[in-house]
Amino acid sequence: MIITLSITKTIQDWLIGMMPEGVASILAMVIVALIYLAIFAVAGLYLVLLERKVAAWFQLRIGPNRVGYWGLLQTMADALKLVSKELTGTIKADKFLYNLAPYFVIISSLMALAVFPFTKEFQAFDINIGIFFLIAISSIGVIGILLGGWSSNNKFALIGAMRSGVQTISYELSVGLSLLTMVLLTGSLQLSEIVEVQKEGWLILQGHVPAIIAFMIYMIAGTAETNRAPFDMVEAESELGAGFHTEYSGMKFAYFFLAEFINMFIIAAIATTVFFGGWLSPFGITESLPWLGIFWFLGKTLVIVFLMMWFRWTFPRLRIDQLLTLEWKYLLPINLVNIVIMAIIVWLNLTIKF
Amino acid sequence: MEKYIFYILSVIIIVFAVASVSSRKMLRSVIYLLFVLCGIAGIYFLIDYNFLAAIQLTVYAGGIIVLIIFSVLLVHHIEMELEIAKPFRKMMTGLICLLGLGVFLYTIYNNEFNVVENQVTTTTYDIGAKLLSYESGGFILPFEVISVLLLASMIGAIVIAKGRKLNDKNDEAL
């Protein structure tokens with residue numbers, strides 16, 4: 001059974017048969033972009049549903065169960081409602097920046113999705129600096145949050161935005177450094193090669209102790225970077241209303257909301273690719289069926305997404321000073337020492353390989 | 001097709017650069033500057049120099065612009081608009097800008113550019129090896145000098161942030 005999943009190449013070859021090359025490659029780009037948009041808009045909606053179901057499960061409720069079987073169409077209905085809602089704004093606000101802000105957030109998170117290898121061939125953009133590109137892109141989203149908070153002309157929104165800026169800038173360091181620790185093992189930044197290296201054992205096993213420390217730091221910092229509880233200082237309901245998106249309504253609010261969930265998916269997907277072998281199956285049990293890689297990739301990603309939801313409903317919210325102490329006084333020094341340990345382990349060839 | 005992308009990016013860069021210096025609202029001109037920097041990153045991507053493009057995005061778009069936004073948000077009366085300059089000043093600025101443009105155009109049209117036959121993708125491995133090589137053409141000395149400079153500026157920042165707490169006289173106050 002052969003299913004070709006190298007989407008960019010397949011679509012381009014199919015189009016070149018019908019029209020000149022230049023037009024075909026542009027059209028192929030547009031089609032691939034539309035496929036990704038459609039898939040992840042729907043996936044984001046279902047992540048919202050998953051979050052609500054998990055929350056209900058943790059709190060011994062049933063959760064959404066009226067729209068569709070087992071509430072499966074609930075978030076679709078919510079999205080339709082949001083599309084039809086009026087777009088409001090505040091007076092004396094900078095309308096241009098106010099309308100621009102959601103697009104920063106959503107575009108930066110959608111751009112990051114392009115580089116993930118879902119299977120060996122299902123990857124839109126295999127750039128040779130994969131991980132670094134992800135870090136670069138994720139640093140742009142915060143501009144959208146800062147702008148949205150300021151141009152709302154609302155004190156709560158501004159405080160939320162400033163908190164978010166502080167938080168994202170500090171935790172970006174930890175995310176970057178913990179990923180760098182793993183890059184020491186792989187010797188490459190390209191995501192497809194990182195997965196290739198893991199055919200001799202997932203990196204979390206290859207790098208044993210420092211890899212596990214790096215994974216823990218990555219999960220803490222990643223949760224903080226997506227502004228989720230217990231690090232949701234940005235939109236702490238009891239203090240700030242809804243934080244930076246207090247004044248947004250309708251579809252613009254939906255962009256912020258969707259971006260949060262897509263970011264969560266991205267953090268989980270990076271963890272899957274870098275620590276848990278990406279689309280590789282455990283012990284190579286489905287090696288003869290490469291297209292099953294999607295199943296493994298999504299399976300591992302969803303387990304980590306579930307872990308992040310578990311955090312959310314387990315830990316109480318941190319204060320802003322505790323948040324900064326955690327990053328600068330604990331995570332960062334641990335991380336730097338961890339990099340040195342990992343370098344020694346790679347140097348002395350103490351990695352575990354099968 | 002690369003030609004068209006290049007022209008689109010150049011138009012974006014020029015339009016937003018002009019908008020950035022001519023906008024009278026502070027935060028808006030910062031955002032226009034962000035678009036300029038992203039456009040430059042796009043040109044790096046176009047010539048397949050991915051590493052520099054990602055550096056451009058992280059350092060300039062993600063770092064510098066966020067810092068500028070922070071400092072702008074901390075300014076009082078951010079909503080005020082910039083004054084319009086006097087006509088004489090406008091004339092002088094225009095003349096100096098034209099002079100600068102002339103110098104640039106003269107250099108660009110009189111320089112012989114080396115045309116590379118085959119497109120080579122620079123990998124991070126090459127960059128790292130070059131940075132740490134001490135043979136001819138290596139960059140170990142500037143690399144070390146920059147690291148010392150960064151350390152010095154970091155210590156300076158800490159001293160400024162600590163302020164008067166570092167003085168011996170203020171020990172009782174602590």
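Residues are numbered from 1 along each chain as its sequence is written, and chains are lettered from A and ligands numbered from 1 in the order in which they are written. Because the model is predicted, local features need pLDDT of at least 70 and side-chain atom pairs count only at pLDDT 80 or more, while totals for chains, interfaces and linings use all residues.

Chain A is divided into domain 1 (1–84) and domain 2 (90–347). Domain bounds come from an automatic or database domain assignment. Taken over C-alpha atoms, the centres of domain 1 of chain A and domain 2 of chain A are separated by 20 Å. Their contact takes 20 residues from domain 1 of chain A and 21 residues from domain 2 of chain A. Two residues are in contact if their C-beta atoms, placed from the backbone, lie within 7 Å. On the domain 1 side, the elements giving two or more residues are α1 (7–16), α2 and α3 of chain A. Helices (H or I, at least four residues) and strands (E, at least two) are DSSP runs, numbered from the N terminus. The largest share of this side, 12 residues, comes from α2(A). By class, the side holds 16 nonpolar, 3 polar and 1 charged residues. Here Ala, Val, Leu, Ile, Met, Phe, Trp, Tyr, Cys and Pro count as nonpolar, Asp, Glu, Lys and Arg as charged, and the others, Gly among them, as polar.

Helix α3 (residues 74–83) of chain A also packs against helix α12 (residues 250–275) of chain A: the axes come within 7 Å and cross at roughly 135 degrees. Therefore α3(A) is oblique to α12(A). Angles under 35 degrees count as roughly parallel, over 145 as roughly antiparallel, 65 to 115 as roughly perpendicular and the rest as oblique. Axes are lines fitted to C-alpha atoms, for helices over the stretch in contact, and angles run from 0 to 180 degrees between N-to-C directions. From α3(A), the contact uses A:Ala79, A:Leu82 and A:Val83. From α12(A), it uses A:Gly250, A:Met251, A:Phe253 and A:Ala254. These residues divide into 6 nonpolar, 1 polar and no charged.

The largest nonpolar core has 110 residues, of which A:Ile143 and A:Ala271 touch the most other members. Its largest share, 18 residues, comes from α12(A). A nonpolar core is a set of buried Ala, Val, Leu, Ile, Met, Phe, Trp, Tyr and Cys residues joined through C-beta atoms within 7 Å. A residue is buried if 20 or more other C-beta atoms lie within 10 Å of its own, exposed if 12 or fewer, and partly exposed in between. Not counting residues up to four places away in sequence, A:Ala271 touches A:Tyr218, A:Met219, A:Phe276 and A:Ile304.

A:Leu60 lies in the loop between α2 (21–58) and α3 of chain A, and is exposed, with 6 other C-beta atoms within 10 Å. A:His208 is in helix α10 (residues 208–225) of chain A and is partly exposed, with 13 other C-beta atoms within 10 Å.

Chain B is divided into domain 1 (1–76) and domain 2 (123–163), with C-alpha centres 25 Å apart. The contact between the chains takes 21 residues from chain B and 23 residues from chain A. On the chain B side, α2 (26–46) and α3 (50–73) of chain B give two or more residues. The largest share, 12 residues, comes from α3(B). This side has 13 nonpolar, 6 polar and 2 charged residues.
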